[in-house]
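Here is a short briefing to read alongside the structure.

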Amino acid sequence: VATPKALRVGLITDGGFASNYVADLVDWISRQSEVELTAEIVQKVWFLENGQILKKVLFSIRRRGALRTFRRLIFRLTSLIDQVLTKKISPKDWAFLTNQVEVNAKRRIEVCPKFSPSGFVFEYLDDDLKRIKELDCNVLIRCGSGILKGGILEVTEFGVISLHHGDNTKFRGGPPGFWEVLFRESQTGFIVQKLTDTLDGGVVVARGSVGTKPLFTWNCSYVIQQSSFAICKVLSQIAKNRELPSPLHQDELGPIYKLPSTFNSFRYISSTSLLLFRKVLQRLMNSSPTWRVFIFESNWMEIDKTRGTEIPNPKGCFSADPFLISSEIGEFLFVEEFSYAQKKAHIAVYDVSTSTPKRLGVALNENFHVSFPYVFKYKNDFYMCPETIASRQVRLYKAINFPLDWELHSILLDDVCAADPLILFNDGKFWLLANVDPKCSGDSHSMLSIFYSDNLQSNLWLQSESNPVLFDASCARNGGLVCTNEFKVRFGQVQGFNLYGERLRAFKIVKINEVEYEEVEVPLPKPSIGSTYLGMHHLSSIGGKTVIDIFK
């Protein structure tokens, strides 16, 4: 139940049932006490309604020309083919696009905006603006069609907020998710903006990115799903502070993209067909790339100066997520070993005290997938905080007989989808950095969240007020941690086009507290392994040894 001081939100829709992220937004608002859904403002424009196909085609030809109408039909055919592929490859993401919900606002009014000759720009009449003002909303969210201009942008206290599915420094306009796939962009961005009269050039109050999927329907669904969390966070900030979040630095605006040409539609179909053919061929020939671990006799800042040596994968497995740790009895390497037969991973350990690594055996094996074996020493004990997202927990294990015998010590976070957890000690507190997927939708690449506690073994970890502290698929996913007396460096993964873990970036942590997190990028040399590789997503280093995993 909303409080008397709740932020009053109005949604601008095209009527009927709201789909995809609007359904998520309505569901989120219904569970908040500081935000309420006050009104739905339905735009009544005949060409937004179902039916009247012939009339719509004639309108398009008259207003937009025969050539553009033909382009639209070709792109529509391209979209239908793409939707079939998406439904086959990722039915969950396809289902999201068809998810619908009734808005059920306290009040509902209908307005009839004037539209431009092209049918793209909507401007509201004075009488409708007066009715909207009487709804007494604090903020409006654009959830419908049309480029909004004129008085509607200033009719409420905080204006009109819009979620644009694209990085406006690269791709303004639409269709969402298409151009990033066509141009093989590593990430697909989004912004939350307060609208102005400039197309996708409003006041940006939040931005982020996700890794680009290989099909544009899939990519569109993916970025819409993940970015919906950002607009919820913005509404929470407005409700709490009674002001818009501070504007973000805005680079030069990118070009405006419109309906793809016939050439680009065919170009998309041909490039996508070739990509799918290559993947099928790799499977048939059993030549798909796999993850491998390499070890260097150098520190991480000099991995370009010594040649890396591959640690052979055990039969029927691949190795990844390597972590090094030193003890009184030697130096050890912990890795994820994924079993193709079991379709899950366990944690194995190697003795790397000599020039020839020796596999000692399995250190941790659960009845679910475990990976990312972050091992550290606290006081006189060794602990492991691996990724246990399959159990929807962040678990802490303690060594009973290091390095092979471990037992579950405590549950740090429960009922959470958190990948690749790292723990560090700073200013008298323990800090847990993890890639949390708030919706447990399968995206652990885009958001970095922070939790803190005074006690390592506590099951009560508080979360930062700024979570997620990063929403960026080019660096948010953890890829390792190096801590010395002088610095703490977090390695972040760059998600590539249709590739998990394209490369790594290094970031020195300069501030971490309950409300702030700040890191600055530092150089990371390219490793010398003597051959080309497709990806790298993890690094660990102690003293004069460094390990990385390579996708080749």
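Let's start at Arg184, which is partly exposed, with a relative accessible area of 29%. Please keep in mind that this is a predicted model. Arg184 sits in the loop between α6 and β12, and its phi is near 55°, a positive value in a residue other than glycine. From there, the briefing moves on to other backbone features, the core, the strand pairings and the surface.

**Backbone features**

- Most residues other than glycine have a negative phi, and most peptide bonds are trans.
- Asn498 also has a positive phi, near 55°, and is a residue other than glycine.
- Look for Asn498 in the loop that links β31 (488–496) with β32 (499–512).
- Asn498 counts as partly exposed because its relative accessibility is 27%, and the range for that class lies between 20% and 50%.
- A cis peptide bond runs from Gly174 to Pro175, with omega near -5°.
- Pro175 belongs to the loop between β11 (172–173) and α6 (178–182).
- Another cis peptide bond joins Phe402 to Pro403, and its omega is near 10°.
- Pro403 lies in the loop between β23 (393–401) and β24 (405–414).

**The largest nonpolar core**

- The largest nonpolar core has 38 residues, and those that touch the most other members are Leu7, Val9, Leu11, Leu25, Ile141 and Val192.
- Two or more residues each come from β1 (7–13), α1 (20–30), β3 (35–43), β8 (139–142), β10 (160–164), β12, β13 and α7 (216–241).
- Helix α7 gives the largest share of this core, eleven residues.

- How many residues of α1 are buried? Eight of its eleven are, so α1 is largely enclosed by the rest of the structure.
- The buried residues of α1 are Asn20, Tyr21, Val22, Ala23, Leu25, Val26, Trp28 and Ile29.

**Strands β12 and β13**

- Strand β13 (residues 203–211) is mostly covered, since seven of its nine residues are buried.
- Strand β12 (residues 187–194) and β13 run antiparallel and are joined by eight bridges.
- Across this pair, Gly189 stands opposite Ser209 in β13.

**The open sheet from β17 to β20**

- Which order do the four strands of this open sheet follow? They are arranged as β17-β18-β19-β20, with antiparallel pairing.
- β17 (317–327) and β20 (358–364) stand at the edges with a single partner strand each, so one side of each has no neighbour in the sheet.
- From one strand to the next, the twist averages 30°.
- Within the sheet, strand β18 (residues 330–339) pairs with strand β19 (residues 344–351) in the antiparallel sense over eight bridges.
- Glu337 stands opposite His346 in β19.

**A nonpolar surface patch**

- Leu274, Phe277, Val280, Leu281, Leu284 and Met285 make a nonpolar surface patch of about 630 Å².
- One of these residues, Val280, is placed in helix α8 (residues 262–284).
- Val280 counts as partly exposed because its relative accessibility is 47%.
- In an α-helix there are 3.6 residues a turn, so residues three or four places apart point the same way.

- Pro113 is placed in the loop between β5 (107–111) and β6 (114–115).
- Is Pro113 buried or exposed? With a relative accessibility of 6%, Pro113 counts as buried.
- Between Pro113 and Asp414 there are 301 residues in sequence and 49 Å in space, C-alpha to C-alpha.

Conventions
Residues are numbered from 1 along each chain as its sequence is written. This is a predicted model: local features need pLDDT of at least 70, side-chain atom pairs count only at pLDDT 80 or more; totals for chains, interfaces and linings use all residues. Side-chain values use heavy atoms; hydrogens and water are left out. Patches are made of residues with over 30% relative accessible area and no salt bridge: like charges are joined within 9 Å, nonpolar side chains (Val, Leu, Ile, Met, Phe, Trp, Tyr) within 5 Å. Accessible areas come from the Shrake-Rupley method with a 1.4 Å probe; for residues, only the protein chains shown count as cover. A salt bridge is a side-chain nitrogen of Lys or Arg within 4 Å of a carboxyl oxygen of Asp or Glu. Buried means under 20% relative accessible area, exposed over 50%, partly exposed in between (1.4 Å probe, protein chains only). Two strands pair if DSSP finds at least two bridges between them. Axes are lines fitted to C-alpha atoms, for helices over the stretch in contact, and angles run from 0 to 180 degrees between N-to-C directions. A nonpolar core is a set of buried Ala, Val, Leu, Ile, Met, Phe, Trp, Tyr and Cys residues joined through side-chain atoms within 4.5 Å.
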